[in-house]
Amino acid sequence: MSENKVKIAIVGVGNLSSALVQSIEYYRHNSADDLMHPRIGGFDISDIEVVAAYDIDERKVGKDLAEAIFAKPNNKHKVIDVPTTGVIVEKAPVLDGVSSYSAAEVIISDATEVNMIESIKKSGAELMVINVPSGSDELVTHCANVALEAEVGVINSTPAPLVRNTELVRKFKDKRLPMFGDDLQSQTGGTVFHKGLLEVLNEQGVKLIDTYSLDVSGGLEGLNTLDYERRSKKRGSKEESLKRTLPYDVNIASGTTDYLDFLGSTRLGHWWIYGKGFMGHNIKIDIRMETDDGSSGAASLVDIIRAGKMALGRGVSGPVFSVCSHGFKIPPEYHSRLDSLKGFKEFITAKRDA
Ligand SMILES: NC(=O)c1ccc[n+]([C@@H]2O[C@H](COP(=O)([O-])OP(=O)(O)OC[C@H]3O[C@@H](n4cnc5c(N)ncnc54)[C@H](O)[C@@H]3O)[C@@H](O)[C@H]2O)c1
């Protein structure tokens, strides 16, 4: 295991990976002191090193990662120039990575598929980060099996079941490798914000009745989730996460409702909450929030990656509960938002093992 770096392989060089790679370069030149976790396990964000990258789009495959992150259809804006990395994006198998809605935007490369197991082994990666489109369940299972063969830990940003797949969990435990998932919870994303609002209202005794968080976005993932089947998986993930926040059932809807390419990686979210307060009076909340999707996701990912390195060092195998509860929408164990944050802090300060 590399001592001073956190070596990762990324599968899917889209907007989230673009923000991740840019953030590593950004914090090489800018202070991270204002962040919640400037250092984790002795590692700065700039200690994360991408040593292998995989995609299927001809505008990315065969290109240096520094160039590929800005190639179309990515539209996460450029925060910083990334110098040539020496990491050439290699062709992954397509499997179910392209939805009928996003097919027109993706140009599948005719390059030969790389042997991902050999490539990852050769790269020295310790963790695989899966940033492929949501709804790619077959592809995510394939990546997890590649990670097992290459003997690296795995982080699943997508809603596909990884830590909820009992067969995969058993295999990762057998190989003594850590896993993290499912469905990344962004730093300022709709789900964590919505959970916080619902938790406060519930704690204050408000009887919640109906609520939604609906958004429009301009990233390829927004277009991808217009595909009904994929949308139901992403929505299912968000709605399940919100349902687990409350001790009783309410009407919940959460997800992306439209794609507007001119928004780029901006996500515009709308929250509505309706409940009953003292003597049955109405409480109605209507909020709008604008975030940068990729940056918000990368902010969580850089913490999970460094916690992943700690899990490897401690020999934790299978789902790492404290990290999953804090960093993902559908963790294997559910805890309140604040308990999850506490658990994460305990894990990274070695007050708990997993
Ligand atoms: N804030 C966030 O960015 C955020 C938050 C939570 C979850 N996620 C999840 O992270 C994932 C990535 O999000 P994104 O916005 O970067 O999406 P994106 O559509 O911008 O990027 C996906 C990338 O995967 C590539 N891809 C498709 N099929 C592939 C295959 N077979 N092998 C390798 N690469 C393949 C695409 O070409 C594209 O480059 C999604 O599943 C999303 O739900 C993101």
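Predicted model: local features only at pLDDT ≥ 70, side-chain atom pairs only at ≥ 80, totals over all residues.
Visitor: What is the omega of the peptide bond that joins Lys 72 and Pro 73?
Guide: Most peptide bonds are trans. The bond joining Lys 72 and Pro 73 is cis. Its omega is about 5 degrees.

Visitor: Which loop holds Asp 182?
Guide: The peptide bond from Gly 181 to Asp 182 is cis too, with omega near -10 degrees. Strand E6 (178–180) lies on one side of the loop and helix H6 (190–203) on the other.

Visitor: Is Leu 95 buried, partly exposed or exposed?
Guide: Leu 95 is placed in the loop between E3 and H3. Its phi is near 45 degrees, a positive value in a residue other than glycine. Within 10 Å there are 16 other C-beta atoms, so Leu 95 counts as partly exposed.

Visitor: And is Met 279 buried or exposed?
Guide: Met 279 has a positive phi, near 55 degrees. The residue is found in the loop between strand E9 (266–276) and strand E10 (282–292). Inside 10 Å it has 5 C-beta neighbours, and 12 or fewer is the limit, so Met 279 is exposed.

Visitor: Which strands form the edges of the open sheet?
Guide: The sheet has 7 strands, with parallel pairing, in the order E3-E2-E1-E4-E5-E6-E11. An edge strand pairs on one side only. That holds for E3 (90–91) and E11 (318–319).

Visitor: Which residue in E3 stands opposite Asp 55?
Guide: E2 and E3 run parallel and are joined by 2 bridges. Asp 55 faces a residue of E3, namely Lys 91.

Visitor: At what angle does helix H3 run to E2?
Guide: Helix H3 (residues 116–123) lies across E1 (6–11), E2, E3 and E4 (127–130). Its direction relative to E2 is given by an angle of about 165 degrees.

Visitor: Which residues does Ser 119 contact, leaving aside its neighbours within four places in sequence?
Guide: Ser 119 lies in helix H3. It has 19 other C-beta atoms within 10 Å, so it is partly exposed. Leaving aside those sequence neighbours, its contacts are Ala 52, Glu 90 and Val 114.

Visitor: How many residues does each domain bring to the contact?
Guide: The domain assignment gives domain 1 (6–185 + 295–348) and domain 2 (190–293). Their C-alpha centres lie 25 Å apart. The contact takes 25 residues from domain 1, and from domain 2 it takes 28.

Visitor: Which element gives the largest share of the side of domain 1 that touches domain 2?
Guide: That side divides into 6 nonpolar, 14 polar and 5 charged residues. The largest share is 3 residues, and it comes from H9.

Visitor: Which element gives the most to the shell around the ligand?
Guide: 37 residues surround the ligand, with Gly 12, Gly 14, Leu 16, Gly 97 and Gly 297 the closest. Two or more residues each come from H1 (15–29), E2 (48–55), H7 (220–224) and H9 (293–314). The element giving the most, with 4 residues, is H9.

Definitions and conventions. Residues numbered from 1 in each chain as written. Near = placed C-beta within 6 Å. Pairing = 2+ DSSP bridges. Contact = placed C-beta atoms within 7 Å. Axes fitted to C-alpha atoms, helices over the stretch in contact; angles between N-to-C directions. Buried ≥ 20, exposed ≤ 12 C-beta atoms within 10 Å, placed from the backbone. Domains from an automatic or database assignment. Nonpolar A, V, L, I, M, F, W, Y, C, P; charged D, E, K, R; others polar.
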